[in-house]
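I opened this notebook to record, entry by entry, what I looked up in the structure. The sequence and the model come first, and my notes follow.

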Amino acid sequence: MEAAATTCYRHPSYETYVRCTRCDRYICPDCMREASVGHHCVECVKEGQRSVRQARSLFGGAVPSAATPVVTYVLMALNIVAYVVEVVRSGTVDRFGMLGAVLVDPSGGQYYYKGETYPGLELTGVADGEWYRLLTGAFLHLPPDASFGVMHLVFNMLALWNLGRVVEGQLGRARYLALYLLSAVGGSVLVYLVASPETTAVGASGAIFGLAASFYVINRRLGRDMRAVNRFMAGFLLWMVVSAVFTSWEGHLGGLLTGGLVTYGLAYAPARLRTSATQLAGGMVLVALLAVVVAVRTAALTGA
């Protein structure tokens with residue numbers, strides 16, 4: 001007796017005599033996927049891929065399947081777009097720049113706030129609850145005098161391009177983004193804590209210095225030759241000292257310390273603690289500590 005013809009389970013009109021070595025269903029050439037033994041069907045291949053554990057880096061992040069530094073590209077784009085907005089719309093820096101506390105006189109004068117009550121004057125800045133300035137100021141690059149806005153942006157974006165690609169590849173996208181944002185906020189917090197409150201600070205330099213510290217910790221943790229890295233960091237630190245004449249060294253130092261602390265935690269924590277949940281909890285603790293510092297400084301400025 002002649003055997004009945006068999007057809008592909010996905011394409012019933014296609015006669016075939018080949019079976020998937022996993023599920024034993026008949027498959028046509030369009031549905032065959034070569035395996036170590038025989039062929040697998042499309043569904044079995046997908047199921048096998050889901051069961052494969054994704055590779056993770058030493059720092060707990062998932063190793064990206066592609067080398068494209070997506071987050072670095074996005075951060076660069078956001079900084080550039082923000083600069084265009086600054087140029088087109090006047091007052092952007094006044095509204096979103098990092099500003100500690102200032103009393104604004106409707107007649108145009110500005111007065112440093114010392115906890116006194118000044119009738120007719122309006123308090124503005126972080127001390128007035130505008131905490132968003134701690135982050136938004138890190139995406140602006142046009143200083144109040146607009147003397148070197150373009151160069152400020154160009155230098156920071158070059159540094160972000162060179163450092164970001166390396167750090168993102170090692171930490172993974174989520175941890176890299178968290179590092180960048182925390183470094184930016186850490187820089188702003190030190191500005192708020194140490195610098196004169198009425199000073200407006202802008203720029204991604206705090207986040208960039210955080211990436212530089214992260215780059216140093218990563219290379220040290222991986223056991224690489226540190227001679228070139230040490231020279232690089234020495235140049236960065238020298239730049240922080242020299243640029244203190246015309247930029248916010250407080251923002252640079254705050255970002256450097258925050259970035260180094262975050263990456264040190266990712267790199268040297270015990271293996272059992274290098275999980276997404278534990279690292280997220282650590283990040284939240286750091287955010288809470290920064291918030292406490294801001295609250296204490298605000299109380300000192302406002303007398304609350």
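**Overall make-up**

I began with burial and found that, of the 304 residues of the protein, 43% count as buried. The model is a predicted one, and I read every value below with that in mind. I then looked up the secondary structure, which comprises ten helices and seven strands. For the contacts between residues at least 6 apart in sequence, I noted that 66% join residues at least 24 apart.

**Helix α10**

I turned next to α10, which runs over residues 276–302 and holds 27 residues. From its first C-alpha to its last it reaches 39 Å, and this is close to the 39 Å expected at 1.5 Å a residue. I listed its buried residues as Gln279, Gly283, Leu286, Leu290, Val294, Arg297, Thr298, Leu301 and Thr302. Looking for what covers these buried residues, I found that the cover includes β6 (122–124), α4 (133–136), α6 and α9 (249–268). Just after the helix, I saw that Gly303 takes a positive phi of about 75 degrees.

**Packing of α2 with α6**

Helix α2 (residues 70–88) and helix α6 (residues 173–194) pack at an angle of about 35 degrees, and their axes lie 9 Å apart. On the α2 side I recorded Val70, Val71, Thr72, Leu75 and Asn79 as making the contact, while α6 contributes Arg173, Tyr176, Leu177 and Tyr180. Sorted by class, the residues of this contact are six nonpolar, two polar and one charged.

**Cavity search**

How many cavities of 30 Å³ or more does a search of the whole structure find? The search gave one, and I noted that about 30 Å³ of space lies in the largest cavity. Its lining is made up of Met98, Gly100, Val191, Tyr192, Ala195, Ser196, Pro197 and Thr199. I counted these lining residues by class as five nonpolar, three polar and no charged.

**Backbone at Asp24**

My last entry concerns phi, for which I kept in mind that most residues other than glycine have a negative value. Asp24 is not a glycine, yet I found that it has a positive phi of about 70 degrees. I placed Asp24 in the segment before β1 (33–34).

Technical notes. Residues numbered from 1 in each chain as written. Predicted model: local features only at pLDDT ≥ 70, side-chain atom pairs only at ≥ 80, totals over all residues. Heavy atoms only, no water. 1 Å grid on protein atoms, 1.4 Å probe; cavity = no way out; pocket = protein on both sides within 12 Å on 5 of 7 lines; lining within 4 Å. Points joined across faces, edges and corners; volume = space filled by probe spheres on them. Nonpolar A, V, L, I, M, F, W, Y, C, P; charged D, E, K, R; others polar. Axes fitted to C-alpha atoms, helices over the stretch in contact; angles between N-to-C directions. Helix = DSSP H or I, 4+ residues; strand = E, 2+ residues; numbered from the N terminus. Contact = heavy atoms within 4.5 Å. Expected span 1.5 Å × (residues − 1). Buried < 20%, exposed > 50% of the residue type's maximum accessible area, 1.4 Å probe, protein only.
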